[in-house]
Amino acid sequence: MTKPNRLGAALAAVSLAAIATACAGPGSSGPRSASIFGGKVDTSNIGFATRAQSALAANDLNAAVSLAEQAVENSPRDAGFRALLGNSYLASGRFASAESAYEDSLSLVGSQPQIILKLALVQIAQGKNEEAKSLLAMAQSVLDPADTGLALALAGDPQSAVAVLEPAARAIGADSRVRQNLALAYAFAGNWDQARVVAAQDVPGDQLDGRIQQWMALVNPARASDQVAAFIGIQPAAGDPGQPVRLALNKVDATRQAVAQPIEVPQAPVEAPPAVAVVDLPPPAVEPVAVAAAEPMPAPLPEPVAAPEPAPVAVAAYEPVPAVEASPIRQARPALSPAAVRLAEPVAKLRRASLSKSHAGKSGAVVQLGAFSSRDRVELAWSRVTSKYSMLRGYTPVSARFDSGKGTVYRLSVKGFESDRDARLLCESLKRSGRACFVRASSGDAPVRFASR
């Protein structure tokens, strides 16, 4: 059994250090045991990735980064290794480097919910709130609502956070973490009365004022990264040189493209036939709840601390779930899920999460990858695109002939999605890695028949 350890020291600011202790997720800023890292790790003569995992568990962050970088350099197209590298950067407080590593991992395999969430968090830490909110909206169906809501609040959109968290808090089996995340979202929205009402369901009365004071300090941090760091339990790095250029996924792809024979692949979408309706699938937007503001609570806020004066935000009055007993303050707090703050995932688990899976969903949406002058070119294009984007291998390639005024072309698309949202999520992952695509309704698309070899 390894000794308990920490992935990050307390925040520099005294006020935020206290908040990190009170608000960080399970296993975030407090002592960590070997159990959340997958048990004892044998470090004798094993691969770079497993040794990087062991270094993370031992809080040897420099070694973890160096070993994870070597693992990626040796296997540049392994999405699991790139996720491990992102975790190593994030544990070191290097948000920009972590963003690059997570984006590369998702470019290889898009269906990694926890990596999507971590990517959104490191974007928020860098002030890229709009990018983070767009990513969270795309992946909302596969993320924990408690995590999504808290991330939206940290991204400066507390109204959308409330809209996500309120139904989750009212659901049967909702726990104190969901309710406390909702209370914090109310606080971020400037509705301190509602924040107090919801927080009081789990926080003892004699500790409630202290909780509210902590949140007042958290609302206005010195840096955007301080809030994210507090919830993950890390210390932002003073400087971040970025992920080494030699590890960039685009660099690897560019080298392969330079030595490959060119293929005539029109990237622009072909003109759709008048008789076929193309599905318009905009990213889902979370509508804020706008109704009458809640009545003030009789209990006053602490006298020494002046409440912030943001513009009033109209939100729905939260109805407490009946028969909820108060929990100790050390347990009842806003927090990310344990999976979201766990940075030293076992390598085997990371790799399983990044493996391409077979998809057989019944959605009528397809993701179009290109249009070509012959069926032979469709087959060749599929072979090349799957060698470059392994995330496509679990989907069914389909093709459809389309006659236009400029001639006949053959579309190459993939199907097998559970929903239109899943199709959009895959296309967004492809676009981040430089591949043109768009989502449309299936129209005469049939599975590609490959010639026998």
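Biologist: Which strands does helix 17 lie across, and at about what angle does it run to strand 3?

Modeller: This is a predicted model, in which local features need pLDDT of at least 70 and side-chain atom pairs count only at pLDDT 80 or more, while totals for chains, interfaces and linings use all residues. Residues are numbered from 1 along each chain as its sequence is written, and side-chain values use heavy atoms, with hydrogens and water left out. Helices (H or I, at least four residues) and strands (E, at least two) are DSSP runs numbered from the N terminus; axes are lines fitted to C-alpha atoms, for helices over the stretch in contact, with angles from 0 to 180 degrees between N-to-C directions; and contact means heavy atoms within 4.5 Å. Helix 17 (residues 375-388) lies across strand 1, strand 2 (396-404) and strand 3, and runs at about 35 degrees to strand 3. Helix 18 (residues 420-432), in turn, lies across strand 1, strand 3 and strand 4, at about 40 degrees to strand 1.

Biologist: What is the order of the strands in the open sheet, and which are its edge strands?

Modeller: Strands of a sheet pair through backbone hydrogen bonds, either parallel or antiparallel. Two strands are taken to pair if DSSP finds at least two bridges between them. Here five strands form an open sheet in the order 4-1-3-2-5, with antiparallel pairing, and its edges are strand 4 (438-441) and strand 5 (446-447), each of which pairs on one side only.

Biologist: How many bridges join strand 2 to strand 3, and which residue in strand 3 does R401 stand opposite?

Modeller: Strand 2 and strand 3 run antiparallel and are joined by nine bridges, and a hairpin of two residues connects them. R401 stands opposite Y410 in strand 3, and Y410 is also the bridge partner of F372. Strand 1 (residues 365-372) pairs with strand 3 (residues 407-415) in the antiparallel sense over five bridges.

Biologist: Are helix 2 and helix 4 roughly parallel or oblique to each other?

Modeller: Two packed helices are described by the angle between their axes and the distance between the axes. Helix 2 and helix 4 (residues 79-91) pack at about 25 degrees with their axes 11 Å apart, and are therefore roughly parallel (under 35 degrees; over 145 is roughly antiparallel, 65 to 115 roughly perpendicular, and the rest oblique). A49, A52 and L56 of helix 2 meet F81, L84, S88 and A91 of helix 4 in this contact. Helix 2 (residues 48-57) is mostly covered, seven of its ten residues being buried (under 20% relative accessible area, with exposed over 50% and partly exposed in between, for a 1.4 Å probe and protein chains only); among the buried residues are Q53 and S54. After helix 2 comes N59, with a positive phi near 65 degrees.

Biologist: At roughly what angle do the axes of helix 6 and helix 13 cross?

Modeller: The axes of helix 6 (residues 113-125) and helix 13 (residues 224-232) cross at roughly 140 degrees and come within 7 Å, so the two helices are oblique to each other. Their contact brings L121, I124 and A125 of helix 6 together with A224, S225, V228 and I232 of helix 13.

Biologist: Is Q227 buried or exposed?

Modeller: Q227 is found in helix 13, and it counts as buried because its relative accessibility is 7%. Apart from neighbours within four places in sequence, Q227 is in contact with L154, F188, L218, V219 and P221.
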